[in-house]
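Subject: Structure handover

Hello,

Here is the structure I promised to pass on. Please have a look at it first, then read my notes below.

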Amino acid sequence: MKHIKSAARKISRIVNERKRLMRAMGSSVSYGELCNLPVPRERVDAVVVGAGVVGIAVARELSVKHGREVLVIDSAPTFGTGTSSRNSEVIHAGIYYPPHSLKARFCMRGKELLYEYCKAHEVPHKEIGKLIVATSSSEIPKLSALMSRGIENGVKGLKLIEPYEARRVEPELHCVKALWSPSSGIVDTHSLMLSLVGEAESHGTTFTFNTTVIGGYIDGNQIHIHVSESKTLSDWNGKSQLCPELILIPRLVVNSSGLSATAVAKRFGGLDGRFIPNAHFARGCYFTLSTSKNPFAHLIYPIPEVGGLGVHVTLDLNGQVKFGPDVEWIDGIDDVSNFLNMFDYSVREDRDQKFYPAIRKYYPGLKDGTLKPGYAGIRPKLSGPEEGFTDFIVQGEDIHGIPGLVNLFGIESPGLTSSLAIAEHVAAKV
């Protein structure tokens with residue numbers, strides 16, 4: 001424990017010392033010149049890169065159940081500011097994913113663990129159920145295929161229902177057939193992460209924010225992690241070498257940095273590039289319903305589309321209706337912008353023109369002018385536009401040959417549902 005606390009304090013001390021040196025050297029000092037300053041080193045037990053829901057769950061699993069001394073590093077001012085707080089907050093049943101895939105396995109196990117955890121720790125959640133709808137006869141075979149896949153994955157209670165049965169529970173819904181999934185639900189993601197953070201901290205985990213892992217290198221079988229203060233990194237000119245302010249030497253590193261996981265891995269000297277997948281980013285916008293009347297009591301999903309699950313209906317625990325996300329592929333994100341989560345999260349009002357026709361396929365009663373911009377999120381994907389299914393990648397020594405390093409790539413949906421199962425798997429793996 002003292003090594004972890006020491007590392008966190010040393011990061012703060014080094015940052016303050018460098019600020020003092022910069023003041024003494026005058027405003028003409030460049031970011032590159034700081035690389036000539038000596039870099040202190042600190043040995044630690046375990047480092048988790050990224051304080052999203054999966055990183056927090058991994059830290060909690062390692063500290064609470066395995067007694068590891070864990071240091072969690074995140075570039076943001078607090079936990080869960082990226083994909084973890086910009087999603088549908090849905091607990092998925094496990095219907096969509098190919099049998100025996102990691103997504104299918106982790107979703108099924110994660111759903112079980114998540115419901116148990118929420119009940120035991122009084123995290124707000126609700127098992128409200130989901131209707132996946134076919135709005136034309138041509139979609140019915142796809143709906144039947146989803147049911148078969150869900151059954152093969154072990155999802156309980158799935159049932160194909162007729163339109164009149166669907167309207168009994170959702171009078172505003174239009175469909176020609178629907179698949180009922182009773183075990184789908186919603187969760188207050190912030191409360192979940194807050195609970196996991198508190199439990200991890202009570203077992204010795206230390207969280208260090210405003211601090212960025214910018215890469216590292218492998219020396220023999222020993223990993224060295226390069227760390228910089230996020231504010232210092234924001235002054236980078238985009239050309240010079242990224243220089244660390246502290247080097248950590250851990251026994252275990254879990255790269256759970258979500259959107260920046262591949263960028264971090266590419267800056268690990270000694271990690272074979274063959275094992276680092278290409279990163280793709282899909283931006284998704286959400287719109288909220290401005291009317292006081294709530295038209296739906298359950299989750300409503302269309303047939304999945306390329307890149308996502310379609311513009312669907314989700315509810316928060318206060319009953320607020322949200323529609324989304326859509327899919328907008330983005331590129332041109334440099335490493336530092338990626339590290340610092342400098343993505344465009346704005347929602348243009350005119351984007352609702354694509355939402356109205358998509359939503360009216362299953363909710364024809366949607367009135368003009370009732371959609372209001374909500375929020376946007378970015379999904380870290382391993383497949384690009386028009387490409388097929390890609391699974392989670394949980395990559396350890398058995399794949400890349402580096403002891404003590406676990407990379408988590410492509411942790412998008414159902415990452416929230418799977419978070420506790422991923423943590424369980426990572427802890428067992430190391």
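With which residue does Lys-293 form a salt bridge? The partner is Glu-172, and the closest N and O atoms are 3.7 Å apart. A salt bridge here is a side-chain nitrogen of Lys or Arg within 4 Å of a carboxyl oxygen of Asp or Glu.

Some ground rules. This is a predicted model, in which local features need pLDDT of at least 70 and side-chain atom pairs pLDDT 80 or more, while totals for chains, interfaces and linings use all residues. Residues are numbered from 1 along each chain as its sequence is written, and side-chain values use heavy atoms, without hydrogens and water.

**Salt bridges**

The count comes to 20 salt bridges. The pair of Lys-293 and Glu-172 links distant parts of the chain, 121 residues apart. Lys-293 sits in the loop between β14 (280-289) and β15. Glu-172 is in the loop between α5 and β7. Helices (H or I, at least four residues) and strands (E, at least two) are DSSP runs, numbered from the N terminus. Lys-293 is exposed, at 57% relative accessibility. Glu-172 is partly exposed, at 29%. The terms are these: buried is under 20% relative accessible area, exposed is over 50%, and partly exposed is in between (1.4 Å probe, protein chains only).

Asp-326 and Arg-351 also meet in a salt bridge, at 2.5 Å from N to O. Asp-326 is in the loop between β17 and β18 (328-330), and Arg-351 in the loop between α9 (335-339) and α10 (352-360). Asp-326 is buried at 8%. Arg-351 is buried at 7%. Arg-351 forms a salt bridge with Glu-328 as well, with the closest N and O atoms 3.8 Å apart. Glu-328 lies in strand β18 and Arg-351 in a loop, so this pair ties together parts that are 23 residues apart in sequence. Glu-328 is partly exposed, at 22%.

**A buried Glu without a salt bridge**

Glu-170 lies in the loop between α5 (163-169) and β7 (177-181). Glu-170 is buried yet has no salt bridge. The nearest side chain of opposite charge is Lys-293, 10 Å away. (Lys and Arg count as positive, Asp and Glu as negative; His and the chain ends are not counted.) A polar atom of the Glu-170 side chain does lie 2.8 Å from the backbone nitrogen of His-298.

**Helix α2**

Helix α2 covers residues 53-65. Eleven of its 13 residues are buried, so α2 is largely enclosed by the rest of the structure. Among the buried ones are Arg-60 and Glu-61. Salt bridges that share partners join Arg-60, Glu-61, Lys-65 and Glu-199 into one network. Just after α2, Gly-67 takes a positive phi of about 70 degrees.

**Aromatic residues**

The structure holds nine aromatic pairs. Tyr-96 and Tyr-301 form a tilted one, 6.5 Å centre to centre with 35 degrees between the planes. Rings of Phe, Tyr and Trp (its six-membered ring) pair if their centres lie within 6.5 Å; planes under 30 degrees apart are stacked, over 60 edge-to-face, and the rest tilted. Both Tyr-96 and Tyr-301 are buried.

Phe-323 lies in strand β17 (residues 321-324). Phe-323 is buried, with a relative accessible area of 0%.

Best wishes

Methods: Expected span 1.5 Å × (residues − 1). Polar contact = N/O pair within 3.5 Å; in protein donor to acceptor, adjacent residues only side chain to side chain.
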